[in-house]
Amino acid sequence: SINPPNSDLHSFHFESMTLLLMRTVSSIVLFLLTLVVASALKAQPISFDVGGVSLEPQDLPEFLHPYHKKSIELSEAAFSDPSLTCSRAVPYGNLEHQLLDVWTRTPAITEEGGKLPIVIFLHGGGWDWGYREWVGFCARQICHNAIMFAPSYTIGKGKNTAWPQSRDDIRTAVQWAIDNGQKHGGDPKKIILAGHSAGGHLAACVGLDPSLLENNSAVRGLFLISCPLGIRVEDFFLPLAKRRWLWKIVGPLARQAYRKGFFKALRPVVGEEGKISATEDASPLYQLTRLDDESSPELPFVHYSYAKEKDFPICRPQAKALGDILELQVLEMPVSGHFESHFFLDDASCEWHEALKKFISSL
């Protein structure tokens, strides 16, 4: 039998541990509702026009409709802003979908020396859906201090496995920025990867794995918003998994819940069969534990933010876990909701922009 530390079973408050398990399981209900249950709802017709261009329609699940509509509305204002210039659908690789938008201030505002840092901003959408135009509005504030590249990348579209091509697309986009950023007024030695939700996850996967980039010193910072930092079963149940003796008891139940619930939401990463190897490859929290501290290059600065209320319950514990591994700056945004943490970037007074500006000034 398995006994807890100081194994006086009479003093062991098993009821409190049961309550911890119940609270942990309950805390993931929001995640399941938004990424699993809601994804089964039938999508309704919505507009796919933005900036004078008709996007290829996606069969977006209904829970994404409000997010899509507001993102397009905000980005429409950016496309119409005379102080911004957007070069659309610039190829960054040889594959048909490897296109990005280049956002700059009009006229270009440059640092001394003529070049600005490059922010590569990745859209979200659960690895299954999304458009680079969803993040266009972020350029309104970001381009005061940098230029912004918004790439498309491989998505599952409700049926396909996107990983690892989605990650490799971001690797290609970073390399393109290194090779071509200067042509657009950017400094290829000062690249910042940013992203919301699934986009933040991909940014973390690339930016925190030095082996993935030819020039890993070019990525100087990561600005991650409301995103998973690990997708293994342990990463979804961190408060329990950290108590090894307790995990031996409740781990099998957690794994069962994980396979029945989370694997459906993770299908674009793990595939229909749910490959465990993919969950490890796509988990920066796990990959970081495998780095050799002595031989590994210096990791980039990391800023992690999430909504104070009603964001994915994994955000806070996973941010804490990352902070136990490396130096991390955390921002709890004064908003409510997973999507609102992204829309908050349209607010010039948002602390996220102040953190980005401060980091850029330190480069």
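How many bridges join strand 7 to strand 8, and do the two run parallel or antiparallel? I looked this up before anything else. The model is predicted, and I kept that in mind throughout. Six bridges join the pair, and the strands run parallel. Strand 7 covers residues 186-196.

**Entry: around strand 8**

Leu193 stands opposite Leu222 of strand 8. Next I followed the chain from strand 7 to strand 8. The chain passes through helix 6, residues 198-207, and this β-α-β crossover is right-handed.

I then turned to the other neighbour, strand 9, which spans residues 301-309. Five bridges tie strand 9 to strand 8, again in parallel. Here Gly221 has Phe301 as its bridge partner.

Is strand 8 enclosed or open? I checked burial for residues 219-225. Six of these seven residues are buried, so strand 8 is largely enclosed by the rest of the structure.

**Entry: aromatic rings**

I noted first how such pairs are described: by the distance of the ring centres and the angle of the planes. My count came to 20 aromatic pairs. I looked at two of them.

The centres of the Tyr131 and Trp134 rings lie 6.1 Å apart. Their planes stand at 70 degrees, over the 60 degree cut-off, so I logged the pair as edge-to-face. Tyr131 is buried at 6% relative accessibility. Trp134 is buried as well, at 0%.

For Tyr258 and Phe262 the centres are also 6.1 Å apart, but the planes meet at 40 degrees, so this pair is tilted. Both residues sit in helix 9, residues 244-265. They are four residues apart, about one turn of the helix.

Which residues form one aromatic cluster with Tyr131 and Trp134? I listed Phe48, Tyr67, Phe137, Phe339 and Phe343 beside those two.

**Entry: empty space**

A probe the size of a water molecule, rolled over the atoms, shows where empty space is left. I began with the largest pocket, with a volume of about 520 Å³. Its lining has 19 residues, and the closest to the centre are Glu56, His97, Arg132, Ser152 and Lys157. By class, I wrote down seven nonpolar, seven polar and five charged residues for this lining.

The whole structure has two cavities of 30 Å³ or more. The largest cavity holds about 50 Å³ of space. Among the residues lining this cavity are Val206, Gly207, Asp209, Pro297 and Glu298. Six residues of the cavity lining are nonpolar, two are polar and two are charged.

Where is the cis peptide bond I noted? The bond runs from Trp163 to Pro164, with omega near 5 degrees. Pro164 belongs to the loop between strand 6 (147-151) and helix 5 (165-180).

Trp127 has a phi of about 65 degrees. It lies in the loop between strand 5 (116-122) and helix 4 (139-142). Its relative accessible area is 5%, so Trp127 is buried.

Lys310 has a phi of about 60 degrees. This residue sits in the loop between strand 9 and helix 13 (315-323). Is Lys310 buried or exposed? At 63% relative accessibility, Lys310 counts as exposed.

Technical notes:
Residues are numbered from 1 along each chain as its sequence is written. This is a predicted model: local features need pLDDT of at least 70, side-chain atom pairs count only at pLDDT 80 or more; totals for chains, interfaces and linings use all residues. Side-chain values use heavy atoms; hydrogens and water are left out. Buried means under 20% relative accessible area, exposed over 50%, partly exposed in between (1.4 Å probe, protein chains only). Two strands pair if DSSP finds at least two bridges between them. A crossover is right-handed if, with the strands pointing away from the viewer, the path from the first strand over the helix to the second runs clockwise. Rings of Phe, Tyr and Trp (its six-membered ring) pair if their centres lie within 6.5 Å; planes under 30 degrees apart count as stacked, over 60 as edge-to-face and the rest as tilted. On a 1 Å grid over the protein atoms alone, a cavity is a set of points where a 1.4 Å probe fits but cannot get out, and a pocket is an open set with protein on both sides within 12 Å along at least five of seven lines; lining residues have an atom within 4 Å of a point. Grid points are joined across faces, edges and corners, and a volume is the space filled by probe spheres set on the points. Ala, Val, Leu, Ile, Met, Phe, Trp, Tyr, Cys and Pro count as nonpolar, Asp, Glu, Lys and Arg as charged, and the others, Gly among them, as polar.
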